[in-house]
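Open the model in your viewer and keep the selection tool at hand. The stops below go through a few charged pairs and then a residue in a helix.

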Amino acid sequence: MSIVITGASGQLGALTVEALLARGVPAADIVATGRDIATLKGFADRGVVVRRADFAEPDSLAAAFEGADKLLLVSTTTVDERVANHRRAIDAAVAADVSLVAYTSMSHADRATTILASTHRATEEYLRERAIPSVMLRNSWYLENYTAQLPQVLRDGAVVGAAGEGRISAASRADYADAAAVVLTTSGHAGEVYELGGDKAFTLTELAATISAVSGKQITYTALPADGLAQVLTRAGLPAGLAHVLVDADLGMSRGELFTASGDLRRLIGRPTTPPADAIADALR
C-alpha cells in the first residue's frame, strides 16, 4: 500500500514528499502526482512512484490513486475551481477505498468568513458527506508569503497590508509539510481537526520590526484600506480577481481568522516552529 501526495510538483506537496523520505518511508511506497510528470523527474530518479493526476480529469485521478492507502489532498490553487476539483479527488479516493484522506485546509475553516475559507469549508463538508476517514490540517498563513516580498519591502521601506493589528500565526511550508508527514505515517488521526500555526504569532507592525532588526534597514508597516491594497496589488501585476482574494484574506487576518494558539503544529512535529526572524534571515542570504 502507498501514500499518495497530490500537487507534488508544488512547493508544499514536494516538501511533504521530502518529509516522508526523511521519516524513512521507502521511496517505492510514495506516489507523487501532478499534472505534468516531467516536473516530478527528480523524485522519479530517487525511486518515488510518479503518476499523472489532473483534477479536471476524473480518469487520471482514478489511475493515480489506485492501490493508495493514505492520501494527502493538497488544496488546489485556482480558487473558483477549487471545490469542484476537490470533490472529484474525494470521489476518486472513495472509489479507491483509501483508508485516510489528509486535507490541507485553512485556519478556522468552519467559521472564518474569507473567500478562501469558504472553499475549504465546502471541501471539509464534502469529506464528511462522503464519510471517508479524514483529518483536517487547517494551515494558517505561510511565512513564505511574506519572505517572497522582501525585495520589494526593502526597496520601499514598508510592509503594506490591510490586516490592521490582527495577529497571524504563520509558519513555514516545511513546518506544515512535516506535520502532514507525521499524520500520514502514524495512527490515530482519523476524525481529528488540527489548527496549525506558528508558535510566534505576529501583527504586520511586528513583522516590519522583525524585518528591520534582521536586515538592518528601517521598515515600517503601512496600513491600507481594502481598496488601497487592491490598487497596490494590481499595480504590481496581479490579476484583479487574485488581488481581491488576497485583500479579503488580509481583512480576515484583521478579524483574527489566521490566528491560533492551539499548539497543534508544534506537538505534531515535535519541535518549535520556524521563527519569523529565522525565515527572514534565510531569505536574505
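This is a predicted model: local features need pLDDT of at least 70, side-chain atom pairs count only at pLDDT 80 or more; totals for chains, interfaces and linings use all residues.

Start by selecting R266 and D199, whose side chains meet in a salt bridge, with 3.0 Å from N to O. R266 belongs to helix α12 (residues 264–269), while D199 sits in the loop between β8 (193–196) and α9 (204–215), so this pair ties together parts that are 67 residues apart in sequence.

Side chains of opposite charge can pair when their charged atoms come close.

Select E57 and R52. Their side chains meet in a salt bridge, at 2.9 Å from N to O. E57 has a relative accessible area of 33% and is therefore partly exposed. R52, at 37% relative accessibility, counts as partly exposed too.

Move to helix α2 (residues 41–45), which contains both K41 and D45. The two are four residues apart, about one turn of the helix. A salt bridge joins their side chains, at 2.8 Å from N to O. Are K41 and D45 buried or exposed? K41 has a relative accessible area of 51%; the cut-off for exposed is over 50%, so K41 is exposed. D45 counts as exposed as well, with 57% relative accessibility.

Show their side chains together to follow the links.

The last stop is V17, located in helix α1 (residues 11–22). Is V17 buried or exposed? Its relative accessible area is 0%, so V17 is buried. To see what surrounds the residue, hide the surface and display the contacts of V17. Leaving aside residues up to four places away in sequence, V17 touches I5, A8, I30, A32, F43 and V48.

Finally, draw a distance from the C-alpha atom of V17 to that of A62. The separation is 20 Å, and the two residues are 45 residues apart along the chain.

Key. Residues are numbered from 1 along each chain as its sequence is written. Side-chain values use heavy atoms; hydrogens and water are left out. Buried means under 20% relative accessible area, exposed over 50%, partly exposed in between (1.4 Å probe, protein chains only). Contact means heavy atoms within 4.5 Å. A salt bridge is a side-chain nitrogen of Lys or Arg within 4 Å of a carboxyl oxygen of Asp or Glu.
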